[in-house]
Each structure stands twice: as C-alpha cells, then as structure tokens.
Amino acid sequence: MSDRITRISPKRLHKTPGYHHITVVEAGRTAYLAGQCPLDRDGGLVGDGDPERQADQVAANALIALAAVGAGPEDVVRSVVYVCTDDAEVLAAVWRRLGDSVVGAAFTTASTLLGVSRLGYRGQLVEVDLTAALPG
C-alpha cells in the first residue's frame, strides 16, 4: 500500500475472497477508465464463447489503458467486473482469472462482481470498469 491509498476490511464485516471492503484515497488526480472489453486492437472480439480468454484480453487492454495515464494495477481504487452469466462457477472462474492476470492487483481494492444478461458487443461475456488514483 502507498501512503495515498489505504485499503481496509473491517473485522466486523464478512471475509472477502481477496478484495477490500473500503478504499480511501488521499486528495489527488483520478482516472476513470471506460469499460475494458475483450476486443483486439482492430476491434475484433477475442475469445468468442470463452469467458476466461475474454478475461485475459480485458486484462491486457486494462494494463494498456492504465499505462496510458501513468498508472498501474496497484493504483486502482475501484473495480467492477461484469460477466454475462448467472452461473456462480463461471463468475468465480472469471474472478480468479482476473486476479491471476497482469492486472491482478487491481482486484484487491474495493470491487464488485456482477452477473449480467447482456453486454455491449455481440458475443461479449466480460467487461471491467476501473478507477485509478494517479501517482504524484
């Protein structure tokens, strides 16, 4: 943890699978990333029908977007993960895949995992929305 970002999980709340209940950010600049989708540079869907492969592409895209503003996964203060499913096992698999990815540290902060009925692109199964506190 840095001196500008504090992550807290009060003992009186339930234990989490790796994220923190609360993230406190000292005053500074914030970046709000658009939802990162499983699209390649040319806009083509990656991992049709495969939520874990889509999670890999979403993670790669998120890393590029964070780097573009001088941030890294450790600077993320809020994440929302959308998965097009109502299957708890699929939700858990995507959560684990993202947690083990190149942006895994982003999911140790205040996070929400949602199963949804539809996402924006045909065949899209995963999307990640990140907010980062920009360094110095």
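**Close-up views of a predicted model**

The buried residues of helix α1 are P51, Q54, A55, Q57, V58, A59, N61, A62 and L66, where buried means under 20% relative accessible area, exposed over 50% and partly exposed in between (1.4 Å probe, protein chains only). The model is predicted, so local features need pLDDT of at least 70 and side-chain atom pairs count only at pLDDT 80 or more, while totals for chains, interfaces and linings use all residues. Residues are numbered from 1 along each chain as its sequence is written, and side-chain values use heavy atoms, with hydrogens and water left out.

**View 1. Helix α1 and its ends.** Helices (H or I, at least four residues) and strands (E, at least two) are DSSP runs, numbered from the N terminus. The buried residues of α1 pack against β4, α2 and β6, contact being heavy atoms within 4.5 Å. The 18 residues of α1 should span 26 Å at 1.5 Å a residue, and the end C-alpha atoms are 25 Å apart, which agrees; the expected span is 1.5 Å times one less than the number of residues. At the start of α1, a side-chain oxygen of D50 comes within 3.1 Å of the backbone nitrogen of E52. After α1 comes G70, with a positive phi near 75 degrees.

**View 2. The four-stranded sheet.** The strands form an open sheet in the order β3-β6-β4-β5, with mixed pairing; two strands pair if DSSP finds at least two bridges between them. At the edges are β3 (30-32) and β5 (110-115), each of which pairs on one side only. Neighbouring strands of this sheet are turned by 10 degrees against each other on average, direction ignored. Strands of a sheet pair through backbone hydrogen bonds, either parallel or antiparallel. Strand β4 (residues 76-83) pairs with β6 (residues 126-133) in the antiparallel sense, over seven bridges. R78 has T131, in β6, as its bridge partner.

**View 3. Helices across the sheet.** Helix α1 (residues 51-68) lies across β4 and β6 and runs at about 25 degrees to β6. Helix α2 (residues 88-99) lies across β4, β5 and β6, at about 145 degrees to β4. Axes are lines fitted to C-alpha atoms, for helices over the stretch in contact, and angles run from 0 to 180 degrees between N-to-C directions.

View 4. R4 sits in the segment before β1 (5-8). R4 counts as buried because its relative accessibility is 18%. Leaving aside neighbours within four places in sequence, R4 is in contact with V24, V25, E26, D75, A133, L134 and P135.

**View 5. Surroundings of L33.** L33 belongs to the loop between β3 and α1 and is buried, with a relative accessible area of 11%. L33 and T131 are 98 residues apart in sequence, yet their C-alpha atoms are 6.0 Å apart. Residues up to four places away in sequence not counted, L33 touches A62, A65, L66, D129 and L130.

**View 6. Cysteines C37 and C84.** The whole structure contains zero disulfides, a disulfide being a pair of cysteine sulfur atoms within 2.5 Å. For C37, the nearest cysteine sulfur is that of C84, 12 Å away; this distance is too far for a bond. C37 is buried, with a relative accessible area of 11%, whereas C84 counts as partly exposed at 25% relative accessibility.

Note on methods
A polar contact is a pair of N or O atoms within 3.5 Å; within protein, one must be able to donate a hydrogen and the other to accept it, and residues adjacent in sequence count only if both atoms are side-chain atoms.
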